[in-house]
Amino acid sequence: MRELPPSAVRSMPILRSILAIARADFLERTRRYSFFLALLFAVFLGYATATGKIFLQFDEYRGIYTSAWIGTLVALVITCFVSLVGFYIVKNSVQRDRSTGVGQILAATPLSKPAYAFGKFLSNFAVLSSLVAILAVAAVIMQFLVHEDSHFALWALLSPFLLIALPAIALTSVAALAFELLPLLRGGFGNVLWFFVWNFSLAAPILSARRWLDPMGLITVMDSLGAEARRYVPGYRGGMSFQIDVGQRVHVLPSWRWAGIAWDAHSVLLRLMWFAVACAIVLFAALFFDRFDTAKSTTRQKRSSKIIPPAAVQTNPATINSPVTTRLHLTPLPTARANAFFGIFAAELRLALFGLRWWWYVVAFGLLIAQLFAPLEISRGPLLASAWMWCVFVWSGMGARESSFATRPLLFSCANILPRQLPACFLAGLAVAALTGAGAAIRLALVGNASGLLAWLAGALMLPSLALFLGIAAGTSKPFEGLLTFVWYVGPMNHTPGLDFTGTANAAHGISYPLLYLGLAAGFLVFSFLLRSRQIRSL
């Protein structure tokens, strides 16, 4: 029997450790309710694509839904949607090890930092790959449901998933891991920053037109489909549009039957290169991994604690054997005061603002002053949106602090906690929205813009109610931080009707959108009460 070289023998335990971490972490995640919601999200994307809510168009035209077209379309759905949302789905594995104490157990083993990082990376990749697998099955079903082309080409349909979607998913997986291992990006700042990193990864290859800077595979698709669009699309002006159906007219060209991307060795290597980039990022991020070392925080605690010197403790020998005759009196409980709710409200407001540095207040005050003196459309539009976006970390903890700091048993054991603490928490968030956006409200009131003031009120109510609902439902601040960043960029900053919570882009629709936001705010509050009531009963 041929013996293995010593290097191979030494690497086998490391490989087993990596696979064991990946397998254990993946199995633990698949048992969670959040994984079920992620699968439902993938099913929803597949349904939206199959029903024509998401589509590719060139000017106002598209081709027949061949196997290649459907496979590429669904693969782009993955790179453009799953890559964004997937980051928030998998960015919790290292933090979970910290909070549960598993990390300290692993730190006591010979497990190396790169091995731990690679295990977590593979677990992230496995979770997101399961969503890719569901969408691949949905693509197969879609061709038979749409039935625009009776010819089924398996490689043309599946190759975009293997060579476009999976490399993009690998980068999302390693980005989530790197953001957890780097101390600066571990918290809410990293959750907000990821949206801009994702946006840059989509825009950079299109602006540079370089395929080796294309992690999402957009240039690869555009080069292949764009060449055929010049042949079939009348007056083709160039470019490709990846759209969500909001009433556009799309014409189908029966003669355009795209056979798929012609994958050559160079194209395949360019796509596989991103797996190597992901592995390199794992090694780089592992250099900053603290290996769950709590020595620094322990040292700070020791420095801050006051040690009483032995000389300060004086004992009178004469009193050691003397009988204790002191009477003890318990302090009577105070009667309920009328302003007890306001005390809880003040406490919730202090908790929301706790930890904010002086420069946060300087920026918030500057945005408030700018709202008072800028032109009205700018004041109620970009300035108001930026002022409320500046409060993302104030609101994101609403409803989630009890889970983050493990204070549920203590908080839920208090009397009448549901009708007192939850409204106080919401009103504290509403107060922050009102104070930071007061400049735009004053301007709207001075000019007598009643519909604009209603839109302002609807946005001020909807944002903290959404934060409270997501915080209670998810137990973490990530969903609200990611969602608000996305809505802020797409809505008020790009004037998208329906998503502009300031109401500027919704002016042409009257008060329909403000009324919708008010209804959503009421719904979020009702479901928040129901979820919190269920949590209290199940404790």
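Aspartate 149 and arginine 257 join their side chains in a salt bridge, with 3.3 Å from N to O. This pair links distant parts of the chain, 108 residues apart. Aspartate 149 sits in the loop between helix 6 (113-146) and helix 7. Arginine 257 sits in the loop between strand 4 (251-252) and helix 10. The model is predicted.

Are the two partners buried or exposed? Aspartate 149 counts as buried, because its relative accessibility is 12% and buried means under 20%. Arginine 257 is partly exposed, with a relative accessible area of 46%.

Side chains of opposite charge can pair when their charged atoms come close. How many salt bridges does the structure hold? There are ten. The table gives three of them.

| Pair | N to O distance |
|---|---|
| Arginine 96 and aspartate 25 | 2.8 Å |
| Arginine 96 and glutamate 28 | 3.2 Å |
| Aspartate 149 and arginine 257 | 3.3 Å |

Arginine 96 meets aspartate 25 in a salt bridge. Arginine 96 lies in helix 4 (residues 93-100) and aspartate 25 in helix 1 (residues 6-30), so this pair ties together parts that are 71 residues apart in sequence. Arginine 96 and aspartate 25 are both buried.

Arginine 96 also meets glutamate 28 in a salt bridge. Here too the pair links distant parts of the chain: arginine 96 in helix 4 and glutamate 28 in helix 1 are 68 residues apart. Arginine 96 has 10% relative accessibility, so arginine 96 counts as buried. Glutamate 28 has 27%, so glutamate 28 counts as partly exposed.

Which residues are linked in a network of salt bridges? They are Asp25, Glu28, Arg29, Arg96, Asp97 and Lys120.

**The second largest pocket**

The second largest pocket holds about 440 Å³ of space. Its lining has 21 residues, and the closest to its centre are Leu171, Val197, Ser201, Pro215 and Ile281. Helix 7 (154-181), helix 8 (188-208) and helix 10 (265-286) each supply at least two lining residues. What classes make up this lining? It has 19 nonpolar, two polar and no charged residues.

Leucine 84 and valine 197 are 113 residues apart in sequence, but their C-alpha atoms are 9.7 Å apart in space. Leucine 84 is found in helix 3 (residues 67-90). Leucine 84 is buried, with a relative accessible area of 8%.

**Cavities**

The whole structure has three cavities of 30 Å³ or more. The largest cavity holds about 80 Å³ of space. Arg29, Arg32, Ser34, Phe35, Ala38, Ile89, Asn92 and Val127 line the largest cavity. Helix 2 gives the largest share of this lining, three residues. By class, the lining has four nonpolar, two polar and two charged residues.

Among the residues that line the second largest cavity are Leu106, Tyr116 and Phe292. Helix 5 (102-107) and helix 6 are the elements that give two or more residues to this lining. The lining divides into six nonpolar, one polar and two charged residues.

**A patch on the surface**

Tyr33, Phe36, Leu37 and Leu40 form a nonpolar surface patch. Together they have about 440 Å² of accessible area. Leucine 37 is found in helix 2 (residues 33-50). Leucine 37 is partly exposed, with a relative accessible area of 40%.

Notes: Residues are numbered from 1 along each chain as its sequence is written. This is a predicted model: local features need pLDDT of at least 70, side-chain atom pairs count only at pLDDT 80 or more; totals for chains, interfaces and linings use all residues. Side-chain values use heavy atoms; hydrogens and water are left out. On a 1 Å grid over the protein atoms alone, a cavity is a set of points where a 1.4 Å probe fits but cannot get out, and a pocket is an open set with protein on both sides within 12 Å along at least five of seven lines; lining residues have an atom within 4 Å of a point. Grid points are joined across faces, edges and corners, and a volume is the space filled by probe spheres set on the points. Helices (H or I, at least four residues) and strands (E, at least two) are DSSP runs, numbered from the N terminus. Ala, Val, Leu, Ile, Met, Phe, Trp, Tyr, Cys and Pro count as nonpolar, Asp, Glu, Lys and Arg as charged, and the others, Gly among them, as polar. Patches are made of residues with over 30% relative accessible area and no salt bridge: like charges are joined within 9 Å, nonpolar side chains (Val, Leu, Ile, Met, Phe, Trp, Tyr) within 5 Å. Accessible areas come from the Shrake-Rupley method with a 1.4 Å probe; for residues, only the protein chains shown count as cover. A salt bridge is a side-chain nitrogen of Lys or Arg within 4 Å of a carboxyl oxygen of Asp or Glu. Buried means under 20% relative accessible area, exposed over 50%, partly exposed in between (1.4 Å probe, protein chains only).
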